[in-house]
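These are my notebook entries on one chain. I set down what I looked up, entry by entry.

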Amino acid sequence: MHQVYELWFKEILFELDGVRAALAEDKLRAARHYLERVQTIMKVAIQQVAVLESMSAPDFLEFRNRLAPASGFQSVQFREIEFLSGVKDEAYLERLGQEAADQATLKRRLAEPSVWDAFCSALDGRSLPMPPGDELVRRATLLEIIRGRDGLGDEFDLCEALLGYDELFALWRLRHVLMVERQIGSKTGTGGSTGASYLRTTIDKRFFPELWAVRSFL
């Protein structure tokens, strides 16, 4: 199952790179199309959790110890997705060990623009200001897009596509936590993490928090 997820992660990264490239060229409809593909992948990924949940806890525990020290916690591609989507945490460089290629990959993702950065730049290019650090101006721009969706349809649809991707990823995190609790309870993770207790701290992560927060001001 982890191998299957790694294949989906690779596809998600490909599509998100496409989203970012399309935004850099002001191709908002293309960016939305790629995001819809990512949403479709995430729906499949969420459903796949049920395959692991179909095992009984005793059956799962029969082979679990043989996985050590491997863990999904150590997935480089998963961290790439987070970094590319806008959740960047340099601390993961140390947690993933000293593999030179992996370190180089994540350092590159940390340094390059995220999908959210590209989105903000695309709006700036359309005279919809998203200045870094100016929360009030950025909120006003997002409110203008949401309230003016008839005249800003491409921008509005893109906001909704970003939010949809973010929501599905959050649902995948939640399903993952529940599956882990169902199978191993509060045991330590095979990769050295604290298991379900650690995973629960990630449930509230959002790639595009401003798109969620602006709902409170409509």
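**Entry 1: a loop serine.** I began with Ser114, which lies in the loop between α6 and α7. I took helices (H or I, at least four residues) and strands (E, at least two) as DSSP runs, numbered from the N terminus. Is Ser114 buried or exposed? Ser114 is buried, as its relative accessible area is 3%. I used these cut-offs: buried means under 20% relative accessible area, exposed over 50%, and partly exposed in between, with a 1.4 Å probe and protein chains only. Setting aside neighbours within four places in sequence, I found Ser114 in contact with Arg20, Phe83, Leu84, Ser85, Gly86 and Lys88. Contact here means heavy atoms within 4.5 Å.

**Entry 2: the source.** I noted that this is a predicted model, in which local features need pLDDT of at least 70 and side-chain atom pairs count only at pLDDT 80 or more, while totals for chains, interfaces and linings use all residues. Residues are numbered from 1 along each chain as its sequence is written, and side-chain values use heavy atoms, with hydrogens and water left out.

**Entry 3: the whole chain.** I counted 11 helices and zero strands in the chain. Of its 218 residues, 44% count as buried. I also looked at contacts between residues with a separation of 6 or more: 71% of these join residues 24 or more positions apart.

**Entry 4: Arg109.** I then turned to Arg109, which lies in helix α6 (residues 100-111). Arg109 is buried, with a relative accessible area of 4%. Which residues does Arg109 touch, not counting those up to four places away in sequence? I listed Leu13, Asp17, Arg20, Glu80, Phe83, Leu84 and Lys88. Phe83 is 26 residues from Arg109 along the chain, and their C-alpha atoms are separated by 6.0 Å. The side chain of Arg109 also makes a polar contact with the side chain of Glu112, at 2.7 Å. A polar contact is a pair of N or O atoms within 3.5 Å; within protein, one must be able to donate a hydrogen and the other to accept it, and residues adjacent in sequence count only if both atoms are side-chain atoms.

**Entry 5: α4 beside α6.** Two packed helices are described by the angle between their axes and the distance between the axes. The axes of α4 and α6 come within 9 Å and cross at roughly 10°. That makes α4 roughly parallel to α6. On the α4 side I recorded Val76, Arg79, Glu80, Phe83 and Leu84, and on the α6 side Asp102, Thr105, Leu106, Arg108, Arg109 and Leu110. By class, the contact of α4 with α6 has five nonpolar, one polar and five charged residues. Ala, Val, Leu, Ile, Met, Phe, Trp, Tyr, Cys and Pro count as nonpolar, Asp, Glu, Lys and Arg as charged, and the others, Gly among them, as polar. The axes are lines fitted to C-alpha atoms, for helices over the stretch in contact, and angles run from 0 to 180 degrees between N-to-C directions. Angles under 35 degrees count as roughly parallel, over 145 as roughly antiparallel, 65 to 115 as roughly perpendicular and the rest as oblique.

**Entry 6: α7 against α8.** Helix α7 (residues 115-125) and helix α8 (residues 135-147) pack at an angle of about 75°, with their axes 12 Å apart. These two helices, α7 and α8, are therefore roughly perpendicular to each other. Trp116, Phe119, Cys120 and Leu123 in α7 meet Arg138, Thr141, Leu142 and Ile145 in α8.

**Entry 7: α1.** Helix α1 (residues 2-24) reaches 33 Å from its first C-alpha to its last. The buried residues of α1 include Tyr5, Phe9, Leu13 and Arg20. Among the elements that cover them are α2 (28-53), α6 and α9 (153-184).

Entry 8: Most residues other than glycine have a negative phi. Asp26, in the loop between α1 and α2, has a positive phi of about 60° although it is not a glycine. Asp26 counts as partly exposed, at 38% relative accessibility. Ser127, in the loop between α7 and α8, also has a positive phi of about 60°. Ser127 is exposed, with a relative accessible area of 64%.

**Entry 9: Ser75.** Ser75 is buried, at 7% relative accessible area. A polar contact of 2.6 Å joins its side chain to that of Glu6. A polar atom of the Ser75 side chain also lies 3.1 Å from the backbone nitrogen of Phe78.

Terms used
The expected span of a helix is 1.5 Å times one less than its number of residues.
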